[in-house]
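Subject: Structure handover

Hi,

Here is the structure you asked for. My notes follow below it.

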Amino acid sequence: MRIARSAVRALPVLAAALALTAVPSSAAPNWGPLGPANPHLGPLGTATMHGDAGSSDVTPLAGPGTDWVVPAGDTMAAACPTILQGSDGMIVALCTAIIDRAPTVYLFDPAKGPIGPAAAKMSLTKGSLLGGVYAYLDNENRLVVVDGERRLLRIAHNRDASGKWGLTVAENTDLTAVIPEGDAVTGLVPDWSGNVWFATGGGLVGKVGRNGAVTTHQLPAGERVANSISASPDGVAVATTHALYEFAAGGSAAPKPKWRAAYDRGPARKPGQLSWGTGSTPTYFGPGDGTEYLTIVDNAADQVHLLVYRAGTGELVCNQPVLTEGGPGSENSPIGIGRSVFVASTYGYPYPTVPEDAGPAEPAIAPFSGGMTRVDIDDQGCHTVWENDVRSAAVPKLSAADGNIYTVLRLGLGLTTPLDGYAYGVIDPATGEVTAKQPMSATIVADTLQMAGLTTTNGELWQGTITGIMRIR
């Protein structure tokens, strides 16, 4: 089903009301530095859901910009939260079927025009709702993922003699001896020594050595992991529903925390979040080598805060109130680059389902009022640079190449409905101003469900939706 151009044509009133604003970004020309490239990952910016091992949500690639764009896509009857691009240019997507929530790996050739049929696909064993969502491309363009049978897989793509693409399991490491029945891997990332680190929903942190040896560390009872994990050359960061941890990276020893920092997790899960606790995948960033700081957003009851720690020691650098003009909660990883952090609200966002162990939301529903905050860090601590009321419906990404923040905007009233529309949005990171807004669709099939988009090497934005992938160029 085609959902882009036809949807825009069907919305003349909406299109007129949201005529694209082309305002040059006033952002500083040199956003940086980027975090260091992990030698065991694919290209910087396109090998993980959050762009790099440090989960900065920053890309070195330029996006579509503020000119008029052409959105196009096809429904795949699946939500696609993970879209990655390897050094060979091929795009690998990990999608979850709407009907049975089974994960499927898709391979696309971006030279073939609109999304169209996949060049190849492979079904994986179903696990938990968040299990199998986070994956990455290694330095051989293989998708690294843990399936519902607790197997660490490296899935390669190759062409046969006839030129037809195929997907094959190149490596298979059985983790059933260390991950108990009923538990599932939530996040995984390689360290700079080539160990593959993982964290499970049940709070088990482990690493798989290059020789296949597996060692683990069990976090305190009751602490769950509901987001992915991040790595720097010296550490691996894990955020649980109670605390932020940094583990010593490298070597063959069992995982060992360097420090633990508890945060205010609030009285309950909030609407627009998938767990009771922080919604952040921890973000490494900094003005020197791009890894000096580590940050998450807490889940305090009435006012959430950006927590910035010094990597390596866990020293609290600042505790800054954020989203004071928007909803008090975020399920998204913050953008982090240089001395700046950007936080987007997801409070009240209507997820169609949540993990079974998430617990009830308090209140059960709330308006999705949106909101975004930029915080800068200096020698005196942190200060808020700007706040806005942008209703971001996707994980925002910053391009260090063109100085734009890219996202998808949800259009409609505060209390969301299936009739809400969606628009391609560009934000100036220097001011918080929306510099481009162009309607994409006015139906729920284009709901981007707070998923991360991919900026490709040819300047396109591939954005996962609740029913497939939207290609914006």
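What volume does the second largest cavity have? About 60 Å³. Before the rest, some ground rules. This is a predicted model, so to speak of its limits: local features need pLDDT of at least 70, side-chain atom pairs count only at pLDDT 80 or more, and totals for chains, interfaces and linings use all residues. Residues are numbered from 1 along each chain as its sequence is written, and side-chain values use heavy atoms, with hydrogens and water left out.

Cavities

A search of the whole structure finds 7 cavities of 30 Å³ or more. A cavity here is a set of points, on a 1 Å grid over the protein atoms alone, where a 1.4 Å probe fits but cannot get out; lining residues have an atom within 4 Å of a point. Grid points are joined across faces, edges and corners, and a volume is the space filled by probe spheres set on the points.

The largest cavity has a volume of about 100 Å³. Its lining has 13 residues. Thr-48, Met-49, Leu-188, Ser-228 and Ile-229 lie nearest its centre. By class, the lining splits into 8 nonpolar, 4 polar and 1 charged residues. For the classes, Ala, Val, Leu, Ile, Met, Phe, Trp, Tyr, Cys and Pro count as nonpolar, Asp, Glu, Lys and Arg as charged, and the others, Gly among them, as polar.

The second largest cavity has 5 nonpolar, 6 polar and 1 charged residues in its lining. Among them are Asp-52, Trp-192, Ser-232, Tyr-284 and Thr-291. Ser-232 lies in the loop between β15 (230-231) and β16 (235-239). Strands (E, at least two residues) and helices (H or I, at least four) are DSSP runs, numbered from the N terminus. Ser-232 has 4% relative accessibility, so it counts as buried. The cut-offs are under 20% relative accessible area for buried, over 50% for exposed and partly exposed in between, with a 1.4 Å probe and protein chains only. Ser-232 touches Trp-192, Tyr-284 and Thr-291, not counting residues up to four places away in sequence. Contact means heavy atoms within 4.5 Å.

Aromatic rings

There are 11 aromatic pairs. One of them joins Phe-108 and Trp-462, tilted, at 6.0 Å centre to centre and 55° between the planes. Phe-108 sits in strand β5 (residues 103-108) and Trp-462 in strand β33 (residues 461-464), so the pair ties together parts that are 354 residues apart in sequence. Both Phe-108 and Trp-462 are buried. Rings of Phe, Tyr and Trp (its six-membered ring) pair if their centres lie within 6.5 Å; planes under 30 degrees apart count as stacked, over 60 as edge-to-face and the rest as tilted.

Trp-31, Phe-342 and Trp-386 form one aromatic cluster. Arg-265 lies over the face of Trp-276, at 3.9 Å from the ring centre. The test for that is NZ of Lys or CZ of Arg within 6 Å of the ring centre and within 35 degrees of the ring normal.

Backbone

Two cis peptide bonds to check. Gly-32 and Pro-33 are joined by one, with omega about 5°. Pro-33 is in the loop between α2 (12-17) and β1 (58-59). The bond from Glu-362 to Pro-363 is also cis, with omega near -5°. Pro-363 lies in the loop between β24 (340-344) and β25 (372-378).

Leu-323 is not a glycine, yet has a positive phi of about 60°. Its loop runs between β22 (316-321) and β23 (335-337). Leu-323 is buried, at 3% relative accessibility. Leu-449 also has a positive phi, of about 50°, and is not a glycine. Leu-449 is in the loop between β31 (434-441) and β32 (451-455). At 14% relative accessibility, Leu-449 counts as buried.

Two single residues

Met-372 lies in strand β25 and is buried, with a relative accessible area of 2%. Leaving aside neighbours within four places in sequence, its contacts include Leu-323, Trp-386 and Pro-396. Met-372 and Pro-396 are 24 residues apart in sequence and 9.9 Å apart in space, C-alpha to C-alpha.

Pro-117 is exposed, with a relative accessible area of 76%. Pro-117 lies in the loop between β5 and β6 (120-123).

Best wishes

Notes:
On a 1 Å grid over the protein atoms alone, a cavity is a set of points where a 1.4 Å probe fits but cannot get out, and a pocket is an open set with protein on both sides within 12 Å along at least five of seven lines; lining residues have an atom within 4 Å of a point.
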